[in-house]
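Good morning, colleagues. Please turn to the sequence and the structure as they come up on the screen.

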There are 2 protein chains.
Amino acid sequence: MKRILVIGAGLSTPSLIKYLLDQSEQQNWKVVVGDFSKEMAEKRVDGHPNGDAIQFDVMNDVQRAEETKKSDIVISMLPARLHHLMAKCCIRFSKDMVTASYVSPEVKEFHKEAKEKGIVLLNEIGLDPGIDHMSAMEVIDRLKGKGGKLTAFRSYTGGLVAPKYDNNPWNYKFTWNPRNVVLAGQGGAQFIHNGMYKHIPYHKVFSRVQQLHVNGYGEFEGYPNRDSLKYRGEYGIDDIPTMFRGTIRRPGYSKTWEALVQLGVTDDSYVLENSENLTYRDFVNSFLKYERVIPVEKKLADYVGFAEDSFEMYKLRWLGLFDDTKIGLKNATPAQILQKILEEKWQLDSDDKDMIVMQHKFEYVIDGGKKEITSSMVVEGKDNVHTAMAQTVGLPVGIAAKLLLTDVINPTGVRMPTAKRIYDPVLKELEEYGIKFTEKEREIPMNGNGNGNGTENGNGQY
Amino acid sequence: MKRILVIGAGLSTPSLIKYLLDQSEQQNWKVVVGDFSKEMAEKRVDGHPNGDAIQFDVMNDVQRAEETKKSDIVISMLPARLHHLMAKCCIRFSKDMVTASYVSPEVKEFHKEAKEKGIVLLNEIGLDPGIDHMSAMEVIDRLKGKGGKLTAFRSYTGGLVAPKYDNNPWNYKFTWNPRNVVLAGQGGAQFIHNGMYKHIPYHKVFSRVQQLHVNGYGEFEGYPNRDSLKYRGEYGIDDIPTMFRGTIRRPGYSKTWEALVQLGVTDDSYVLENSENLTYRDFVNSFLKYERVIPVEKKLADYVGFAEDSFEMYKLRWLGLFDDTKIGLKNATPAQILQKILEEKWQLDSDDKDMIVMQHKFEYVIDGGKKEITSSMVVEGKDNVHTAMAQTVGLPVGIAAKLLLTDVINPTGVRMPTAKRIYDPVLKELEEYGIKFTEKEREIPMNGNGNGNGTENGNGQY
């Protein structure tokens with residue numbers, strides 16, 4: 001009987017743990033789930049005969065070593081900054097490890113040792129990072145294989161509310177960490193277009209969106225991520241002239257959000273004096289010019305360039321930004337106050353379901369012609385436990401663990417799932433769970449442009 | 001014969017050193033000027049019989065101690081972060097020190113020791129900080145003395161080019177550190193208006209200007225400084241409902257500068273790859289969306305909301321931003337590249353003269369009525385050595401040194417010139433050098449507003 005140690009039983013783990021337990025009988029697995037809260041671990045295991053819930057403190061060196069030693073594989077669903085603690089144990093006892101997180105610099109350090117010991121620390125095999133890498137590489141390798149030359153790669157991912165429950169004017173609810181949503185974009189953005197780097201300061205990120213369409217789901221938009229360039233090496237497309245990564249929202253979200261950024265209410269760098277006793281209306285007004293007789297609503301509309309009767313202003317009013325409600329948070333930053341206001345309005349109801357949307361666009365030249373492949377995936381949540389986020393983050397991790405335990409794959413070192421022998425079986429099994437991409441291909445004129453974003457560079461100046 | 005040690009012989013020191021040397025015969029002073037460059041020190045002393053130029057290395061502990069010990073007073077014109085080294089010596093040998101810089105935390109630490117030794121470390125007695133404190137306190141103390149209650153204090157300072165030499169469309173040239181001008185505003189701004197804190201994010205600072213008029217000099221504008229609140233305690237006006245500090249430019253400067261901020265070209269946080277070989281036009285274009293056939297000029301105009309034929313766009317074209325000139329700077333940040341472009345256009349010619357403008361506005365209630373005092377100072381440079389900046393920074397320092405040496409004033413501890421017994425004689429003597437304020441007073445309606453900035457708060461919402 002093989003022993004799987006899953007560390008962390010948070011919101012991203014239910015589908016992962018269910019996957020492992022569902023297969024445990026057939027595979028002869030013991031699934032041990034450890035969390036700082038034993039109760040959380042028990043909830044995930046839910047009395048399954050092949051499951052075991054333990055209280056686990058990642059800072060406890062002895063426990064970390066003992067549990068790792070006893071296991072055949074470790075799945076770390078801890079916050080990314082803690083993975084290296086488990087990684088060190090895995091190196092020591094020669095155990096494979098799987099995570100859904102970005103490779104941290106500390107984990108990267110273990111590459112040589114892991115290779116020497118013949119084990120793998122397999123990271124970035126969740127959703128984003130994870131399914132994005134695998135699905136992109138599948139297309140990139142296929143195009144290369146048939147002699148195509150990739151000229152543009154654009155990739156978008158977003159966590160949204162499923163259409164049936166999408167009943168507010170922002171077409172958005174918090175399906176994941178609200179703080180990250182409030183602070184999104186703060187490093188600005190950079191990408192490359194026709195061989196030219198493009199830079200966007202934070203306060204303009206949400207004005208530089210691209211339009212998307214997903215069959216059966218309608219229109220979306222994507223605002224640029226901080227760094228669209230970093231996977232060029234890993235993907236083997238160092239010289240690609242156009243590469244863009246973005247975050248998906250429904251159309252119009254970004255334009256209204258940009259107004260909040262321009263107003264300054266997403267700032268997390270200072271604390272408002274007396275924030276507790278200010279009203280939401282005072283809060284907004286503290287970013288606007290004093291005027292004797294002009295209401296806050298009109299001042300804001302003028303400041304950010306919205307018509308007073310615009311839908312954008314309706315969305316801001318709908319948030320309650322102009323209400324006389326007391327903030328009630330002590331020593332809060334503008335971003336913290338805004339998060340509180342948003343949480344009241346963008347909360348998922350208990351019967352709401354979430355949705356993950358991912359879309360890649362590949363432009364490539366082949367046989368003297370130019371084509372575009374659009375590859376799209378939509379996953380809806382099953383309920384408020386097995387959310388789309390939990391499925392798309394957890395299932396690839398679970399599948400990878402199975403492939404490692406059953407010796408279908410045998411990578412070594414610190415790795416991402418960009419190699420065909422890894423992504424192929426993972427993507428294949430994900431399809432059984434409804435996590436799959438739909439492809440459309442079309443020809444585009446050699447000097448034309450796909451979707452309003454030109455891709456040929458007739459004139460370097462523009 | 002008393003010995004005055006002046007450390008630092010940079011651009012802000014010529015008028016100071018001339019003042020001391022001019023008085024040295026009558027006062028029986030020896031003026032020793034030390035600089036890391038002995039040549040610079042010699043240039044300032046210019047062979048004066050009571051002057052002495054020495055090579056001085058502030059990091060040399062022995063020299064620092066010896067020179068301080070031999071002197072009766074130390075004037076430190078070093079960069080602010082180095083004053084504490086001289087301050088420590090002054091404490092050790094019980095010598096007074098004068099600086100034109102903000103009190104650093106390290107210098108502040110010496111307050112108790114300085115008091116005990118009966119010496120003063122007198123700081124912030126240049127222009128800004130310096131003349132601003134003294135001239136404001138003179139009015140504030142006067143109003144208090146006659147029973148007035150201050151309801152608003154607004155203060156503006158700016159270094160500009162003198163009107164006769166003001167011959168470019170920005171009405172601006174670099175008269176001081178260009179880097180500070182490029183990075184101005186980056187911390188955002190906060191001030192207080194009618195008892196309500198106001199916050200402005202960086203990208204909006206230059207859209208929140210106030211209009212000014214100075215008799216004989218015409219129109220100006222003031223954009224908000226980072227922190228308008230910090231002197232409330234020092235000025236004894238903790239409860240003032242409205243306080244604003246700003247930087248003076250000619251009208252229109254801020255609106256066009258805001259476009260550069262919105263574009264992102266003032267960012268100093270990352271380096272542009274291949275910056276050396278990009279043209280100015282490429283540089284600007286790297287912040288704009290790709291478009292097949294729309295020129296960079298039009299893209300920029302649309303992006304920042306200017307008409308293509310606007311004066312603002314003319315000012316941007318005039319800078320050469322759209323030229324095909326190579327940048328030629330390796331690994332440069334956007335801010336560094338912009339500074340280079342600006343330095344070519346905003347350079348003072350050798351026969352240009354600079355100008356300092358300062359204006360305070362005080363609103364106060366007295367005898368049931370409300371009044372406004374506008375107090376303005378303009379100083380023009382005499383030449384490119386005795387600039388307005390050198391005069392206004394250096395002369396108050398020199399005067400303060402004289403007042404200390406002649407025992408007219410005897411403050412102790414770490415001080416700013418906010419006490420009447422200090423600012424009175426300094427301001428009086430400054431007048432002899434043409435550095436003086438002109439006052440206008442007018443009555444304003446009790447519920448009216450002075451200059452479009454309302455000051456009564458009929459409704460807390462606005």
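I shall begin with chain A as a whole and then turn to individual residues and elements.

First, the conventions. This is a predicted model, in which local features need pLDDT of at least 70 and side-chain atom pairs count only at pLDDT 80 or more, while totals for chains, interfaces and linings use all residues. Residues are numbered from 1 along each chain as its sequence is written, chains are lettered from A and ligands numbered from 1 in the order in which they are written, and side-chain values use heavy atoms, with hydrogens and water left out.

Let me start with the overall form. Chain A contains 17 helices and 16 strands; helices (H or I, at least four residues) and strands (E, at least two) are DSSP runs, numbered from the N terminus. The radius of gyration of chain A is 24 Å, close to the 23 Å that the globule rule gives for 462 residues, so chain A is as compact as a globular protein of that length. That radius is taken over C-alpha atoms, and the globule rule is 2.2 Å times the number of residues to the power 0.38. Along the principal axes, the C-alpha atoms of chain A fill a box of roughly 75 × 60 × 40 Å.

How much of chain A is buried? Of its 462 residues, 60% count as buried, where buried means under 20% relative accessible area, exposed over 50%, and partly exposed in between, with a 1.4 Å probe and protein chains only. The accessible surface of chain A comes to about 18500 Å², and 46% of this belongs to carbon and sulfur atoms. Those areas come from the Shrake-Rupley method with a 1.4 Å probe; for residues, only the protein chains shown count as cover.

Among the contacts in chain A with a separation of 6 or more, 70% are accounted for by residues 24 or more positions apart; contact means heavy atoms within 4.5 Å. As for charge, chain A has 60 positive and 63 negative side chains, and the centres of the two sets lie 2 Å apart. Here Lys and Arg count as positive and Asp and Glu as negative, with His and the chain ends not counted; the place of a charge is NZ of Lys, CZ of Arg, CG of Asp or CD of Glu.

I turn to the cysteines. With a disulfide defined as a pair of cysteine sulfur atoms within 2.5 Å, the count over all chains comes to 0.

Next, the backbone. Most residues other than glycine have a negative phi, and most peptide bonds are trans. Against that background, a cis peptide bond joins Asp128(A) and Pro129(A), with omega about 20 degrees. Pro129(A) is placed in the loop between strand 6 (120-122) and helix 7 (131-145) of chain A. In chain B, a cis peptide bond joins Asp128(B) and Pro129(B), again with omega about 20 degrees.

Asn194(A) has a positive phi, near 50 degrees, and is not a glycine. It lies in the loop between strand 8 (189-193) and strand 9 (196-200) of chain A, and at 10% relative accessibility it counts as buried. Asp407(B), also not a glycine, has a positive phi of about 60 degrees; its loop runs between helix 16 (388-405) and strand 15 (413-415) of chain B.

Ser155(B) belongs to strand 7 (residues 149-161) and is buried, with a relative accessible area of 3%. Beyond its neighbours within four places in sequence, Ser155(B) is in contact with residues including Phe244(B), Arg245(B) and His360(B).

In helix 11 (residues 253-263) of chain B, 10 of the 11 residues are buried, among them Trp257(B) and Glu258(B). The helix is followed by Gly264(B), whose phi is positive, near 105 degrees.

Ile73(B) lies in strand 4 (residues 73-76) of chain B and counts as buried at 1% relative accessibility. Not counting residues up to four places away in sequence, Ile73(B) touches residues including Ile4(B), Val98(B) and Leu404(B).
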